[in-house]
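Work through these exercises with the model open beside you. Try each task before you read its solution.

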Amino acid sequence: MKSFGHKGVGLRPPHYKDILSNPSSVDWCEVISENYMDTGGRPLSTLLKVREMLPIALHGVSLNIGSSDVLNRDYLKNLKLLVEGIEPFIVSDHLCWTGIEKRNWHDLLPLPMNESTVDSLVSRIDQVQETLGRRIALENISTYVRFQSDELDEADFIRLVVERADCDLLLDVNNVFVNSVNHNFDPYEYLKKMPADRVVQYHLAGHTDKGDFLFDTHDAEVSDPVWDLFQFTWNKIGARPFLIEWDDKIPEFERLVQEVEKANEMTKGLRAEKEYAI
Amino acid sequence: MRSDLNYFDHAISNFPDDALDFLRPPHRGDLKEKFSIYANGYPLRTQTAMEEVFELLPKLLGEKEWHHLGGAYVRLRPSTSYSLNHIGESFPEFLSQMEVAHRWIVVANFELKIWHSFHAYQKESTLRSDDLAHIDMGTRFLFQDSMFLFESKWNAAETWKGRNSRPVLKNRKEYSLIFRDRDAVIVEIVEKNSFEFLTLLKTGFTLGEALDKNVMTAENLSKTLHHLISKEIIYGI
């Protein structure tokens, strides 16, 4: 078993050179799985080089776990190949759907939060975990609308899914805050309901205030209320690998690392840190 | 559950015309504005992904025409792939159906070849320069999947190479060789004679058969084979 620190970044092409020349600036990297599937070009060769130096988490955006379509076998086959090649310490995707009837909107779309959706998710997550031969983690997404057919609040919905499906949870603290504003709930009460033993990773990101709602844009620094929530989460749930997602208006690598260091500083003096083992 | 997802899917396609009564009224703000994040996200994301595949074409078409054609494409041919990497695959064929000027179809096809070369899996080459001595008239060559030959009545390759200045497409016959040198895609403009020779070899003809159909000087032949081996455009014989 090897262990490593908590500080991670989402690896994006503008930072390939930076991470290769200075891998010790972070403890691990997360990559978007689909960008490294079906390619033998620069993205994959870079990822393989980074993998020699740092642990990698694979984070997908097109598993489409919440859809009513049958699971895409080609997708799972290619994801499994990538998992076998990279040996990531976490394989994750989102608790959402991305399309039906074979269309892909390439977006993280909200699910109706009710028992029927939970049943469907549990069965599909089981198929995915069976195919990959390992647990996956699913991330709570930011949303802007709710369904009339919702029967559960978001925290209960997530808890039910991860416990019944026996999967892990990637807790995006920014998304909790965004949704708390967009759907008018207390984010601290939400976090108290999260099953700590299922949480394997944290995401942090910036958002944009659109007046009537918050938009999860990943194009700015982390906001103060999200830092507060992050500290609360660290105390309540514990030390986990965390990363800053910065996908638009991507800054210089140094600026991104500063934000990661800021997060790291915030965890000091909080609950005793534990190293995460792989 | 299925009906909720169907309503949602339909509302994205038909935005802003569908009623959104399957969704709850928000506690503040306008539901349609919030739903527009989903409805408007798809064209934005796919257009951005298209511009990663087609770097030159938007510059030649101009912003207005590019957005018109690109917008129509992503609307009329919704993505069915799990990856935005595949978004441009049928764009040249779509342009043909739209009856746009042939030169734009040529450029789209050329850029798609560049894209395929960039993403192709490279095989480890077993050849060294000394292997030239072992090549005889019966030799067949194994080419990397990243190698493409492109012939056109328009100077797509030359224009693509100058895409970061002010590219101008000219009606000029052109033959080009596309391959990958490590992670970088390289485009070389070649003579007609070399192009036809390489086409024969890539199609599976032996060296002798290719030379029968396409006469080359000994010097040119040696230079071409050395290039193919040193750049690992061929990975085996």
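**Exercise 1.** Is the crossing of H3(A) and H4(A) left-handed or right-handed?

Solution. First, the ground rules. This is a predicted model, in which local features need pLDDT of at least 70 and side-chain atom pairs count only at pLDDT 80 or more, while totals for chains, interfaces and linings use all residues. Residues are numbered from 1 along each chain as its sequence is written, chains are lettered from A and ligands numbered from 1 in the order in which they are written, and side-chain values use heavy atoms, with hydrogens and water left out.

Step 1. Know the labels. Helices (H or I, at least four residues) and strands (E, at least two) are DSSP runs, numbered from the N terminus.

Step 2. Apply the rule. A crossing is left-handed if the near helix is turned anticlockwise from the far one by less than a right angle, and right-handed if clockwise. H3(A) and H4(A) cross in the right-handed sense.

Step 3. Axes are lines fitted to C-alpha atoms, for helices over the stretch in contact, and angles run from 0 to 180 degrees between N-to-C directions. Angles under 35 degrees count as roughly parallel, over 145 as roughly antiparallel, 65 to 115 as roughly perpendicular and the rest as oblique.

Step 4. Find the residues. Arg73(A), Leu76(A), Leu79(A) and Lys80(A) of H3(A) meet Gln127(A), Val128(A), Thr131(A) and Leu132(A) of H4(A). Contact means heavy atoms within 4.5 Å.

**Exercise 2.** Describe how H4(A) and H5(A) pack.

Solution. Step 1. Two packed helices are described by the angle between their axes and the distance between the axes.

Step 1. Read off both. Helix H4 (residues 115-132) and helix H5 (residues 154-165) of chain A pack at an angle of about 40°, and their axes are 9 Å apart. H4(A) and H5(A) are therefore oblique to each other.

Step 2. H4(A) passes H5(A) in a right-handed crossing.

Step 3. Name contact residues. H4(A) contributes residues including Val118(A), Leu121(A), Val122(A) and Ile125(A). From H5(A), Phe157(A), Leu160(A) and Val161(A) are among them.

**Exercise 3.** Which residues of H2(A) are buried, and what covers them?

Solution. Step 1. Check the helix. The expected span is 1.5 Å times one less than the number of residues.

Step 1. List the buried residues. They are Pro43(A), Leu44(A), Thr46(A), Leu47(A) and Val50(A). They cover an arc of only 160° around the axis, which puts them on the same side of H2(A). Buried means under 20% relative accessible area, exposed over 50%, partly exposed in between (1.4 Å probe, protein chains only). The arc is that of the directions from the helix axis to the C-beta atoms.

Step 2. Recall the helix repeat. An α-helix has 3.6 residues a turn, so residues three or four places apart point the same way.

Step 3. Look for the cover. It includes H1, S3, S4 and H3 of chain A, together with helix H6 (102-119) of chain B.

**Exercise 4.** Sort H10(B) into its buried residues and its exposed ones.

Solution. Step 1. Locate the helix. H10(B) runs over residues 218-230.

Step 1. Take the buried set. Leu221(B), Thr224(B), Leu225(B), Leu228(B) and Ile229(B) are buried. Seen down the axis, they fall within an arc of 130°, so they line one face of H10(B).

Step 2. Turn the helix over. On the other side, Glu219(B) and Lys223(B) are exposed.

Step 3. Find the partners. The buried residues pack against S1, H8, H9 and S5 of chain B.

**Exercise 5.** Where is Trp227(A), and which residues does it touch?

Solution. Step 1. Trp227(A) is in helix H8 (residues 224-236) of chain A. Trp227(A) is buried, at 2% relative accessible area.

Step 1. Leave out residues up to four places away in sequence. Trp227(A) then touches Leu204(A), Val222(A), Ile244(A), Glu259(A), Lys262(A), Ala263(A) and Met266(A).

Step 2. Take one partner. Lys262(A) is 35 residues away along the chain, with 9.5 Å between the C-alpha atoms.

**Exercise 6.** Which peptide bond is cis, with omega near 10°?

Solution. Step 1. The bond runs from Phe15(B) to Pro16(B).

Step 1. Pro16(B) lies in the loop between H1 and H2 of chain B.
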